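Here is a short note for a colleague who is meeting this structure for the first time. Please read the points with the model open.

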Amino acid sequence: GNKSPISSKLKELISETIDNGKQAILLINRRGYNTFIACNDCGHVITCPNCSISLTYHSTNNRLTCHYCGYTKSLDNVCPECHSENIRYSGYGTQKIEDELSYLFPNARILRMDADTTSAKFSHEKLFNAFANHEYDIMIGTQMVAKGLDFDNVTLVGVVNADNSLYDESYNSAERCFDLITQVVGRSGRGDTAGRAILQTFLPNHYVLQLAAQQNYPVFYEQEYAIRKTMLFPPFCDLCILGFVGEKEETVAAAAAEAVRQIQVYVKEQAFSYPLWVLGAVPCHYERLKGKYRYRVILKCKNTSPYRTLIRAVLEAVTAQKAFAKLYLYADMNGDIGV
């Protein structure tokens, strides 16, 4: 029943916190005003011409921006596909939350901490010191406000969208979500006054959010350990990403497929002490970045010399082919698979 990104319960507690002369921290792990803009008539989402990413609206300069390649364009409220002006703004970032708080609490002093406000030299330190000196009542920000901060006067923490990091492509998304929430919740009540934390979520019964709210590290470890062991994810194996990047999608896809074929040939000729699982070839999570297409093959293996030799041999065999000579290939052992 909440129409605003700030729920009625969080609004009530923020008001109470300010009235008591205390401070609040709100975490929203998205910067910008709206995270994507879509057409209500044809459904088209306005995306970056260089990347497979929706453009983010920034209200400070009234422009749409890609957070990966830096592409920017003015906001014209016209769908580039059907030329309709029936545009919908969806999602919310730090700028939207700042505006919402300014509307709900017109007398509150609000500090926004994100990449847009902290680009100047020493800006982090200056803004954090200002908050520590109680020059602001509410600090909102991305994950930079979640860890390592110690403000005695903070008695309320709110996580505006606790679900944000739960469902990315990475095998450790649950761990990251648990880590971020437990860290930011720990910013509240570090002084003499007891603190409170509000997690806003569409999934209040999700085990990660329940255990993060309880600060229950042992049970989360047991559950995550069992899942990783069943699914054979680190630390029960190593994950090696073979990446293929180039300007023509069909060439990049063919190179990734050729790598899988080379792996199959190599494995038939060599004996290995541990099993090898080959996942792919498939497009990366963000298939196109900065005008180049990206495919990958994921290997579940053991980071030993024989497997490293296999990886080198496969990449060399692919690059030796004239059709793939201009592609950029890489191997990333235990890197981030959610990009």
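1. Start with Leu203, which is partly exposed because its relative accessible area is 31% (buried is under 20%, exposed over 50%, partly exposed in between, with a 1.4 Å probe and protein chains only). Leu203 sits in the loop between strand S10 (196–199) and helix H5 (207–214). Helices (H or I, at least four residues) and strands (E, at least two) are DSSP runs, numbered from the N terminus. With Tyr167 and Phe202, Leu203 makes a nonpolar surface patch of about 390 Å². Such a patch joins nonpolar side chains (Val, Leu, Ile, Met, Phe, Trp, Tyr) within 5 Å, from residues with over 30% relative accessible area and no salt bridge. Areas come from the Shrake-Rupley method with a 1.4 Å probe; for residues, only the protein chains shown count as cover.

2. Some ground rules. This is a predicted model: local features need pLDDT of at least 70, side-chain atom pairs count only at pLDDT 80 or more, and totals for chains, interfaces and linings use all residues. Residues are numbered from 1 along each chain as its sequence is written, and side-chain values use heavy atoms, leaving out hydrogens and water.

3. Next, helix H1 (residues 8–19). Its buried residues are Leu10, Leu13, Ile14 and Thr17. They lie on the same side of H1, because they cover an arc of only 105 degrees around the axis (taken from the directions from the helix axis to the C-beta atoms). The face turned away from the buried side of H1 carries exposed Ser8 and Asp19. Cover for the buried residues of H1 includes S1, S9 and S10 (contact means heavy atoms within 4.5 Å). Just after H1, Gly21 has a positive phi of about 75 degrees.

4. Now helix H4 (residues 173–185). Among its buried residues are Cys177, Phe178 and Ile181. H5 and helix H6 (217–231) are among the elements that cover the buried residues of H4.

5. How many salt bridges does the structure hold? The count is 8 (a side-chain nitrogen of Lys or Arg within 4 Å of a carboxyl oxygen of Asp or Glu). One joins Arg228 and Glu175 at 2.7 Å, N to O. This pair links helix H6, which holds Arg228, to helix H4, which holds Glu175, 53 residues apart. Arg228 counts as buried because its relative accessibility is 9%. Glu175, at 37%, is partly exposed.

6. Another salt bridge pairs Arg190 with Asp150 (3.1 Å, N to O). Arg190 lies in the loop between H4 and S10 and Asp150 in the loop between S8 and S9, so the pair ties together parts 40 residues apart in sequence.

Conventions. Patch = residues over 30% accessible without salt bridge, like charges linked within 9 Å, V, L, I, M, F, W, Y side chains within 5 Å.
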